Every structure is written in C-alpha cells, then in structure tokens.
Amino acid sequence: MHTILTGVRVNEEPTIGNFLGAYTPMINLSREHAEDSHTNFFVPDLHSFTTPIDHSKLYDQTIKGIKYYMAAGLDTNSPNVHIYRQSRVPAHSELCWILDCFTPYGEACRMTQFKEKGAEHPDAVTVGLFNYPVLMAADILLYDADYVPLGEDQFQHLELARNIAIRMNNKFDEKLFTLPAPEKEQVKFMHLENGIRIRSLTEPTKKMSKSAENEKSKILLCDEPKQAAKKIMSATTDSEGVIRFDMINQPGISNLLTIEALLTNRDIQDVIADWAGQTSYGDLKRKVADSVMYFLSDFQERLNQISDADVEAVLQKGEAYANEVANKKLRQVQKAVGLYK
Ligand code: ATP
Ligand code: MG
C-alpha cells in the first residue's frame, strides 16, 4: 500500500478555484487509488497560526473546512481514507523537535516561503514561521507518505523533508523513513501537467485567490448563489467582440469557458465548440452565471446536510488511525536516537 498525504488549510473561505483546482483533483486521486493507497487528509491546525489569525474562530473553521471536503465528495466511508487534525496527533510535535536537531540552520534559512511570508508580516516573524517546514517534514515522514500533492510553492519544503530523511536514514537506519517521491514523480502522480488555474474575475491575467481583497474577483463556496451570479455578469472581458478560447488575448472569456466546462462536467473542447464564433458576451455570461448558481445551490445543500456530529465521528475514526500509525513511527525514531531501547 502507498500513502498519499495532503494537508488541507481551512483558515479562509475557499473559492471555486480551490474547489476545481485542489479539492476535486485530490478527491479524484483518492478515489483512483482507493484500493492501492491510504489517503490521509489532515488539517494542519498547528500550522494555521504561523502567521496571525483570529484564534476564536479556529476551532469552528476546522470543523467547517472538513465539511467542505465532505460536501465536495470525499469518501469518508472508505476504509483507506483518513481525516484528522494535526493537533490531535501529538507525535507530529514530538517528531518535529527531533527533526529540528537534524536540520542544519543554514538549510532552513534557504526556505523562500519564510522570506516571503516574513516580508508580508514583518511585525510577526516568529520562530514558528521559521520552523514550520520542519513540522511539515514530520507531518510527511510520520506516515511514510510516498505522495504529497502540493502546490509549486511547497516543493522546496518537500525537498527539505527528503533531505532530513536521507540524513537520518544514513546516520541511523536505511529503513527509518520512507522518502516521499521527488518533485517530478509527484507532478506525474498528481496529473499536474494538465493543472487547472481559474482566473480572477476582475483581473483575468491573475489567478483567483481566496485572500484577494476584491470580493468581485472571486466566487466563494459560501457565496449566496444569486450574488455569485452577479459577479459573473460583471466579470472583466475584452473588446474583441467574438467568443474564442485564447488565454493570451482573451483571458476573461477563456476563464468563463473553463468555469462553464468544469462546473457542468463537460469537455472543454465541446464547450469551446458550442460557443465558437458567437458574439454575445452577455449570453455566455448568463449561461455561466446559471451554471455557477446551480453548482453553488447544490453544493450548499449538501453542505447543510452534514452536521458537526458527522464530522466528529469521521475525526474520531481518523485520529485513532493516525495516532496508531504515527506513534509506531515515532517510537522507531526515539529508539534510533537513543531515547528508548
Ligand atoms: P491564498 O490567496 O491565501 O494564497 P489561494 O486561493 O491561492 O489562497 P491556497 O491556499 O494558496 O489558495 O491553495 C490551496 C489549493 O488551491 C492549492 O492546491 C492551489 O494550487 C489551489 N488553487 C488556489 N487557487 C487556485 C485557482 N485559482 N485555480 C485552481 N487552483 C487553485
Ligand atoms: Mg495561494
């Protein structure tokens, strides 16, 4: 059995970009590998305040974030799908400390995410922010994870996890840690070659981002459907006057065609063919707005049917499994470094 491991950040309200570009592909991957792999979905709640957050909301956001995944179709009944909170598996923090002592300071200093996030929050550069890639290495290595679907911005952290594992395997035991697959293999496994990028509705040369300040630039999964439809109607297009799929010259129109295809589960080529040569941007927007409304109503109905108790039950099962696997690995490491015989 392989292990696919993915951390699911839940601090902010997700967009349809997150849904189409991350939730759906990840859920599909776990279905595709339901027989041959464990899929660990965990909420990195300890990571969530490496930069300042509203702590009074963290607990509820975690539960809600898991509901989103369940509403998106994550098969929580599968014996090989495990959902857990990082904070409920103390082995993550314990292994982090041990790994810290095998991570050269100079190597940790090279993490570009730290530099970038640090620049975004110059008043709140904490040791936690600096150390978080090592905690991430613990998240991965505790479960002998082979595949860790993650964004490009995280590949450097994956490399760090591999380096720590290689160093400790060389020093203690070749079989101590399973190395997560290198970047190229990960990309292939995740089918990232045909990665999906939904664009901002107001600035279609950029991607849609949940943290974008302009509410009109993004469609949130919690948006009131009619409100979301209005955002589509006011989406930025161009003055070419003809509907074509051309990401360079007509990124707004191309984005609408992409959203339409993905939300209605149709082949993008068929959608492009349907609209080829048509000239009314209004007609296209109305069609996409309808699809968005239909999608959101349906999604939110499913979401509302999931209770807190449903999530608690899923977590109880997942956290029991995670603790069992993680504690076993932790004990192996504790023995290797001489804490246990
Ligand atoms: P932020 O603005 O905070 O960076 P984000 O919307 O970019 O938020 P992330 O938390 O950075 O979201 O990424 C979560 C996942 O969603 C990643 O796998 C990322 O590749 C994916 N994702 C983010 N934005 C899009 C998008 N516009 N289209 C497709 N996938 C996306
Ligand atoms: Mg992002």
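Which residue stands opposite V81 in β3? The residue opposite V81 in β3 is T39. The structure is a predicted model, in which local features need pLDDT of at least 70 and side-chain atom pairs count only at pLDDT 80 or more, while totals for chains, interfaces and linings use all residues. Residues are numbered from 1 along each chain as its sequence is written, chains are lettered from A and ligands numbered from 1 in the order in which they are written, and side-chain values use heavy atoms, with hydrogens and water left out.

The strands (DSSP runs of E, at least two residues, numbered from the N terminus) are three in number and form an open parallel sheet in the order β1-β2-β3. The edges are taken by β1 (2-7) and β3 (81-85); each has a single partner strand, so one side of each lacks a neighbour in the sheet. Pairing requires that DSSP finds at least two bridges between two strands. Six parallel bridges join β1 to β2 (residues 37-43), and H2 has S37 of β2 as its bridge partner. Between β2 and β3 there are five bridges, also in the parallel sense.

A right-handed β-α-β unit is made by β2, α2 and β3. Right-handed means that, with the strands pointing away from the viewer, the path from the first strand over the helix to the second runs clockwise.

Notes:
Helices (H or I, at least four residues) and strands (E, at least two) are DSSP runs, numbered from the N terminus.
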